[in-house]
Amino acid sequence: MQHLVDTNDLSDKQIEAILADAFAFKHKNPPPFLENKIMVNLFFEDSTRTRTSFEIAAKRLGMGVINLNPSSSSTNKGETLEDTFANISAMDPDCVVIRHKDNNVARNLSAMNLSRVLNAGAGNYAHPTQALLDYMTLVEHFGDIRGKTIAIVGDIISSRVASSAIRLLRRMGMNILLVGPKAFLPPISFVGDALPQYKKLEDVIDKVDAIMSLRAQIERHEKPVFKDYSHYGHKYCITQEVLKGRNILIMHPGPVMRNIDISDEVLQDSRCKVLTQVTNGLYMRMAILKNLILDS
Amino acid sequence: MQHLVDTNDLSDKQIEAILADAFAFKHKNPPPFLENKIMVNLFFEDSTRTRTSFEIAAKRLGMGVINLNPSSSSTNKGETLEDTFANISAMDPDCVVIRHKDNNVARNLSAMNLSRVLNAGAGNYAHPTQALLDYMTLVEHFGDIRGKTIAIVGDIISSRVASSAIRLLRRMGMNILLVGPKAFLPPISFVGDALPQYKKLEDVIDKVDAIMSLRAQIERHEKPVFKDYSHYGHKYCITQEVLKGRNILIMHPGPVMRNIDISDEVLQDSRCKVLTQVTNGLYMRMAILKNLILDS
Amino acid sequence: MQHLVDTNDLSDKQIEAILADAFAFKHKNPPPFLENKIMVNLFFEDSTRTRTSFEIAAKRLGMGVINLNPSSSSTNKGETLEDTFANISAMDPDCVVIRHKDNNVARNLSAMNLSRVLNAGAGNYAHPTQALLDYMTLVEHFGDIRGKTIAIVGDIISSRVASSAIRLLRRMGMNILLVGPKAFLPPISFVGDALPQYKKLEDVIDKVDAIMSLRAQIERHEKPVFKDYSHYGHKYCITQEVLKGRNILIMHPGPVMRNIDISDEVLQDSRCKVLTQVTNGLYMRMAILKNLILDS
């Protein structure tokens with residue numbers, strides 16, 4: 001049974017097959033490969049974008065989707081998360097999609113090997129489907145991404161998007177630079193070994209082919225890092241003034257804080273791929289579902 | 001891309017085609033014209049009847065339906081409604097069904113032209129699918145409704161049902177009378193030009209072929225219009241005593257306040273079409289979905 | 001129109017047909033017998049297991065499922081439960097699945113005969129699909145269950161699982177013993193006539209082929225029966241020490257309070273069928289849906 005807790009769970013060959021399917025599905029609507037198969041969504045954190053993307057992907061392939069609300073579930077009657085998962089698994093779903101603030105929950109449940117686990121966001125550890133859709137967006141634009149350089153800008157230490165992207169994009173041959181205020185930059189141990197860290201956008205702007213801007217995840221901070229995020233925006237917002245006409249691809253996992261993360265003007269620029277990422281996310285998740293459920 | 005924000009968005013020919021399909025679907029269950037196509041429900045106000053009707057209509061045609069809960073969505077992370085809509089649209093849904101207390105939200109989002117917008121209730125401005133199902137119910141009973149007279153009774157000023165019905169039924173050739181206490185009657189500007197207004201049911205009861213009774217939408221009133229709605233009921237409740245055997249069709253968009261809007265006795269009378277309206281709503285929405293999604 | 005409010009609503013022949021289908025579906029995934037047919041879930045009490053089981057069962061057969069949240073529904077606008085049900089029924093669903101804390105709601109709504117009613121839990125009166133899945137689990141293990149003896153252990157007086165099981169399993173020829181503290185044992189009138197009642201597990205352990213352990217439903221108790229449920233567990237927990245190697249089938253409707261209802265060790269024993277019950281519940285509900293919707 002093939003789980004997807006992080007992109008490391010996939011072989012190069014699997015990633016290649018998934019990517020090919022994602023592009024094919026974007027080009028032409030596929031048949032309902034997964035008709036009447038079942039996805040269970042178990043989201044312990046709020047999500048619009050990711051849950052909706054998984055749900056649309058599943059339904060376009062013919063799946064039935066069940067959304068469990070963990071807060072009104074049996075865990076209220078004293079059941080452990082593991083027992084809830086074992087019970088759901090006993091109903092033979094084809095996959096269980098899990099989001100949890102804890103880094104280890106999806107991994108631990110997948111290790112029970114009772115149902116196929118798809119991680120839709122685990123603490124600041126991993127968000128593999130986001131990494132794969134970002135990879136798709138980069139390949140779609142650059143073709144060959146080996147040797148290209150991407151700067152990840154912002155609240156990297158809180159971000160599962162960053163940690164999954166770092167693992168996948170390095171594996172695919174990209175150079176990665178980290179940019180942000182000290183409080184947002186990870187300790188060296190964060191992703192296994194040191195990546196170049198910068199405090200200012202201007203120090204990297206001439207070195208990069210792409211920028212991945214991140215939202216400050218203030219809901220994860222124990223105490224506020226900035227009193228006023230416009231101060232953060234003054235230094236790290238991706239603006240036309242920063243870009244100065246350079247041909248740099250702009251990405252962001254959303255939701256974008258306008259004029260703090262990226263300026264209104266840049267958001268309307270054709271180099272900005274924020275909504276393309278969302279579209280690619282749909283086709284990538286369709287491809288992931290098809291490959292993992294049909295082939296494992 | 002054909003939106004449906006108000007019935008004015010539809011040509012006479014489109015309404016004719018939709019009505020014909022609605023009657024055909026009521027007669028015989030259609031094939032799943034919209035298999036694996038996607039509806040996203042974005043309801044900023046509570047709804048049982050309308051959301052359920054849209055959802056059953058979609059599913060009987062084979063669609064997948066995604067219900068977003070705006071209160072637990074990305075708007076909480078600081079995203080604007082327009083950005084949330086742009087993100088949903090980037091996932092290529094076949095329609096987005098929107099209910100919002102603001103008169104202009106559905107219209108403004110439809111103007112972005114990113115997804116097909118179906119208005120499931122906009123402030124007191126428009127509720128086009130309700131107007132169309134009411135139209136269907138009238139045609140089903142009368143055949144030709146041109147020249148027939150309908151009285152709309154009750155909280156007209158709060159009611160999108162009234163405003164959409166007025167526009168559509170006048171266009172289809174009906175005479176419309178408004179009946180209610182002063183506080184419930186609209187200023188002349190409400191629907192473009194003056195309609196005859198009456199304070200008492202007895203002043204119109206001999207002139208009408210149909211009555212559309214409305215619930216007092218106390219949740220929309222800034223301050224209570226009546227301390228006790230039984231006082232309202234004494235004057236405006238549709239009872240057998242008011243009808244005195246006259247052959248008048250009784251309609252109501254629901255939920256009915258029993259013995260305030262319509263008496264228990266009249267609700268059980270065969271002239272009362274409240275539940276027929278609900279049934280027609282299902283087939284009308286199936287017809288709307290089929291015509292708008294397949295043909296535009 | 002065939003409702004399922006209690007198992008008494010089904011003839012022996014119907015139960016036989018449903019059981020045969022449930023085993024067949026467990027052996028081999030059936031075709032989508034109920035494609036684009038509609039289930040409406042109306043759960044006035046929280047549920048993970050039962051709602052999810054119904055929903056997966058429906059979707060594996062191709063049905064569309066609509067979940068209504070009664071707390072945000074028209075009943076808030078002053079509509080009665082009967083009117084809400086009449087409105088839902090006017091949308092022609094193929095079944096309405098109802099859970100309510102009141103013993104009589106499902107029965108009363110079924111008597112309106114507007115939609116097919118499936119009871120997913122009614123007060124402490126009936127939970128027929130649970131009784132049928134328990135029956136399936138017993139037949140799967142024992143083949144012929146006539147003359148076998150089952151002890152129901154725990155909070156019997158609060159339990160619709162117990163009351164439905166007692167009616168069905170006695171009808172199928174089993175002997176039933178009730179075990180628990182006085183406060184948990186029902187008055188003689190509870191299930192029509194007296195069943196043997198015991199205060200201690202050791203008084204029945206040599207007489208039984210199966211034990212159905214029940215959770216103390218503290219949410220239904222007016223005042224706490226035990227200050228600390230570990231005291232209850234000391235006397236009624238099913239442990240290896242109690243079983244002492246006897247070949248007794250262990251069942252529980254879930255969620256299990258570990259080491260109060262059943263010990264960790266017994267939960268891992270192959271004689272313990274808790275998760276098998278969950279799996280059988282899925283196939284039993286598929287069989288119920290198919291038989292009731294296609295044949296009535």
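Local features rest on residues with pLDDT of at least 70, side-chain atom pairs count only at pLDDT 80 or more, and totals for chains, interfaces and linings use all residues of the predicted model. Residues are numbered from 1 along each chain as its sequence is written, chains are lettered from A and ligands numbered from 1 in the order in which they are written, and side-chain values use heavy atoms, with hydrogens and water left out.

We may begin with chain A and chain B. Their contact (heavy atoms within 4.5 Å) draws on 24 residues of chain A and 20 residues of chain B. Together the two chains bury about 2100 Å², with 54% of it on carbon and sulfur atoms; buried area here is the accessible area (1.4 Å probe) lost by two parts on being put together, summed over both. On the chain A side, the residues that lose the most area to chain B are A:Thr48, A:Ile56 and A:Lys59, which together make up 25% of what that side buries.

Two salt bridges (a side-chain nitrogen of Lys or Arg within 4 Å of a carboxyl oxygen of Asp or Glu) are found across the interface of chain A and chain B. In one of the salt bridges, A:Arg258 pairs with B:Asp83, and the closest N and O atoms are 2.6 Å apart. Helix H2 (49-60) and helix H10 (274-295) of chain A each give two or more residues to the side that touches chain B, and H2(A) gives the most, with eight residues. Helices (H or I, at least four residues) and strands (E, at least two) are DSSP runs, numbered from the N terminus. By class, this side of chain A has eight nonpolar, six polar and ten charged residues. Nonpolar covers Ala, Val, Leu, Ile, Met, Phe, Trp, Tyr, Cys and Pro, charged covers Asp, Glu, Lys and Arg, and the others, Gly among them, are polar.

Turning to chain A and chain C, the contact takes 20 residues from chain A and 24 residues from chain C. The area buried is about 2100 Å², and carbon and sulfur atoms give 55% of it. Two salt bridges are counted here, including the one between C:Arg258 and A:Asp83, with the closest N and O atoms 2.6 Å apart. Strand S1 (38-43), strand S2 (64-68) and helix H3 (81-89) of chain A each supply at least two residues of the side that touches chain C. The largest share of that side, five residues, comes from S2(A).

The structure also holds nine cavities of 30 Å³ or more. A cavity is a set of points, on a 1 Å grid over the protein atoms alone, where a 1.4 Å probe fits but cannot get out, and lining residues have an atom within 4 Å of a point. Grid points are joined across faces, edges and corners, and a volume is the space filled by probe spheres set on the points. The largest cavity has about 310 Å³ of space. It is lined by 21 residues, of which A:Gly62, A:Met63, B:Met63, C:Gly62 and C:Met63 are the closest to its centre.

Methods
On a 1 Å grid over the protein atoms alone, a cavity is a set of points where a 1.4 Å probe fits but cannot get out, and a pocket is an open set with protein on both sides within 12 Å along at least five of seven lines; lining residues have an atom within 4 Å of a point.
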